[in-house]
Every structure is written in C-alpha cells, then in structure tokens.
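The structure is shown first.

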Amino acid sequence: MNIGFVVNDVNTEKASYTTVFLAQRMHNLGYNVYLMGVGDLAYYPDGYMGATATQAEANHKYKTPATYLEALQSDKATKVRVTAPDLDVLMLRNDPSAEGEGRSWAQNAGIIFGQLAIRHGVIVLNDPTSLSDAVNKMYFQHFPEAVRPRTLITRDKDEIKEFFNEQNNNIILKPLQGSGGSGVFMVKKDDATNLNQIVEAISRDGYVIAQEYLPEATEGDVRLFVMNGEALQHKGKYCAIRRVSSKDDIRSNMHAGGSAVAAKVDQRMLDLVELVKPKLIQDGMFLVGLDIVGDKLMEINVFSPGALPDASELEGVDFSEPIIAALEKKVHYKKTYGVQVSNKTIAMI
C-alpha cells in the first residue's frame, strides 16, 4: 500500500502525534509512506495533484515514533515528488485551526488538493468534501440536539448575558474557530464581572460559542476514537483515554496541560456513538475523535484526532493495527470497484 499523510508542516510534527504513530507503524510494515506539509502540495502540468514528500529510509525499521520522526526531520531524509497515481490512500491529518498568522492560505489547502486526488482514484480520508463543511465548530451543530450541550453562537454581548442568566450553573465561552483548548473560559454563576471583557476578547476574531457547563467536566473528558462509524476496539479494548485537567485549568486538552489516564467506556458513551453514526457515515468521516462529558458530546474532531498512542499505551494494545487493516480493506474495495463506488462510501466500509 502507498499512503500519504498531509500534515500542517513536517518539521513541526511531534513524536507524540497520532499521525507519526500511524506512519511509523506502516513504514515498519513495509508500506510506502509519504509525509507532506500543506506547503509541499502542488498541481502539476500533467494534470495531477502531488507533493514534494518526505520519506524515511525504506529498508530501515524504526523502534519508536520518535526515532522515525527524527529520521524524517533530518537532513538525510529523502525528498521525493509523488503524484496521485503513486498513492492508494491520502490521509488528511492537517488541522486548519492550528495555522498561525500569515498562513491563511494553508487552512483549506489539504481539502482542495484532497478533492483533486479523488478525481484520480485516490482514497482520501476523511472525505474532503465534508471536511470543507467542518473547518469550524459550527459543524458540530449539525448533529442531533440530544448529543450536544445547550449552546448559543453569536457576537451579541446582550444575547450572551441573557443566556448566562438562564443557566443554573456556570457557562463556557470559546471561539467558533480554534482547537486544543485555545481561548476557552469558564464564567462562574456568582462572578459575572469579567463576562463583557471575555466576550470582547473572543469576538475580536469572530463568533463566540456560549455553552452550558456540565458539572461532570470536573472529572475531565473522554476522547473516544470512532472508525467506520463504530467505537474503535481491538482485542476487547476500546480506543479511549480520559483527559484530566490540571488543578488550575478547566481545559483537559493534552497540549493545554491535561494528562491522560485510562478511561472506562460506558453504555452512555456507546449510545452517543450510535446517535452520531448516521451523520458520520453520510459525510465519509472514517476516523474521528469524540470528546465526551457525561452523556454529552463536547466536540467532534474530524481533522486530526490525537491520543491514539496514549490509548495504546494505557490499554496495552496497538490501536494502529485495526486502522491499518481497515485501510487495506478499503484499498481492496477500491481496486475491485474503481469509480463505481464513491469516496464517501469507501471511507466508511
């Protein structure tokens, strides 16, 4: 199998990332694995999309994701031009919301070039057409009300004040665009003095999400991986972690100071998976991360869900194995059916 991973920038990848974990495992299995930043993508005169991709030494097996990434980021890494006909699968693992100032051009690049790759028979995951609808948190509002906390999205301070006064508990404020816990605030019921200031700070960059506070959030949230519309399992273990916030921070995101502990996946979580499954199937969302508090979803990460290495370590199984097996099956279906079956269908079988 020939597989490409699109990331924000190869040089900013970290050994703890899920993408590097998957790429290292696939490289060691003998697959042709290419990593490419969105800035490496191109459309060539021969009519194909492609990229100047980075490859590690073909005949060398790497003991850890860290040693694999070190090879990719070294001066000795192989730079090779790949085009759509060279690939069976292209995984879009770049996070548009993580792009910094001056890189607005990069936010939709993976989606645009992914759409071109589909035209030439490449399986693109997650489906880029649907990803274009998910570049901000508004995508989450397309899922059933039963799975979501009570939410207001606006730039009007008075509407947010009214929403705040309606709640019996604290509220959470965060930007419509962004990820990783960036710009997330909790306003407590007995302390509304900073509400205006927080709303002004967030609304400078766009819309504000005001959300009911779920008391169970004090115990952290659970990141549960869903593959092909089902909770990801391997050897009887669920691919999930509980992310616990530090004592002085409400955010449980891993790069916002949170830590990972083993998670107990209960029936409430599996019921949530069943409720979001139809929409995920419809949109061709092969691999996603659900962030769960109690019986509600806080977020659905469809671009670059992380914590696969953490879940593998905590549960003592390698969760890359069922993902790789699923990719192999998709390549087999694609070679069998060709253009008769859509990318969204292939993505979810």
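## Helix α1 against helix α9

In this predicted model, helix α1, which spans residues 18–28, and helix α9, which spans residues 320–337, have axes that come within 10 Å and cross at roughly 70°. Because angles of 65 to 115 degrees count as roughly perpendicular, α1 is roughly perpendicular to α9. The crossing of these two helices is right-handed.

On the α1 side the contact involves Phe21, Leu22, Arg25 and Met26, and these meet Ser320, Ile323, Ile324 and Leu327 of α9.

## Helix α1 against helix α2

Helix α2, residues 65–72, packs with α1 at an angle of about 90°, and the two axes are 9 Å apart. The pair α1 and α2 is therefore roughly perpendicular as well.

Here the α1 residues are Val20, Phe21, Ala23, Gln24, Arg25 and His27, whereas α2 contributes Pro65, Tyr68 and Leu69. The contact of α1 with α2 divides into 6 nonpolar, 2 polar and 1 charged residues.

## Helix α1 against helix α8

For α1 and helix α8, the latter covering residues 308–315, the packing angle is about 70° and the axes lie 7 Å apart. That angle makes α1 and α8 roughly perpendicular to each other. Thr18, Phe21 and Leu22 of α1 make the contact with Leu308, Pro309 and Ser312 of α8, and the residues involved are 4 nonpolar and 2 polar, with no charged residue.

## The chain as a whole

The secondary structure of the protein chain amounts to 10 helices and 19 strands. Its radius of gyration is 20 Å, close to the 20 Å that the globule rule gives for 349 residues, so the chain is as compact as a globular protein of that length. Taken along the principal axes, the C-alpha atoms fill a box of roughly 60 × 45 × 45 Å.

## Confidence

The mean pLDDT of the protein chain is 92, and 95% of its residues reach 70 or more. Over residues 251–256, however, the pLDDT is below 50, although this stretch has 22 contacts in the model beyond near neighbours in sequence. Where pLDDT is low, the predicted coordinates should not be read in detail.

## Backbone details

Most residues other than glycine have a negative phi, and most peptide bonds are trans. Against that background, two places in the backbone deserve a remark. The peptide bond from Leu125 to Asn126 is cis, with omega near -10°, and Asn126 lies in the loop between β7 (123–125) and α4 (128–131).

Asn228, a residue other than glycine, has a positive phi, near 55°. Asn228 is found in the loop that joins β12 (221–227) and β13 (230–231).

How values were computed
Residues are numbered from 1 along each chain as its sequence is written. This is a predicted model: local features need pLDDT of at least 70, side-chain atom pairs count only at pLDDT 80 or more; totals for chains, interfaces and linings use all residues. Side-chain values use heavy atoms; hydrogens and water are left out. Axes are lines fitted to C-alpha atoms, for helices over the stretch in contact, and angles run from 0 to 180 degrees between N-to-C directions. Helices (H or I, at least four residues) and strands (E, at least two) are DSSP runs, numbered from the N terminus. Angles under 35 degrees count as roughly parallel, over 145 as roughly antiparallel, 65 to 115 as roughly perpendicular and the rest as oblique. A crossing is left-handed if the near helix is turned anticlockwise from the far one by less than a right angle, and right-handed if clockwise. Contact means heavy atoms within 4.5 Å. pLDDT is the predictor's confidence in each residue, from 0 to 100. The radius of gyration is taken over C-alpha atoms; the globule rule is 2.2 Å times the number of residues to the power 0.38. Ala, Val, Leu, Ile, Met, Phe, Trp, Tyr, Cys and Pro count as nonpolar, Asp, Glu, Lys and Arg as charged, and the others, Gly among them, as polar.
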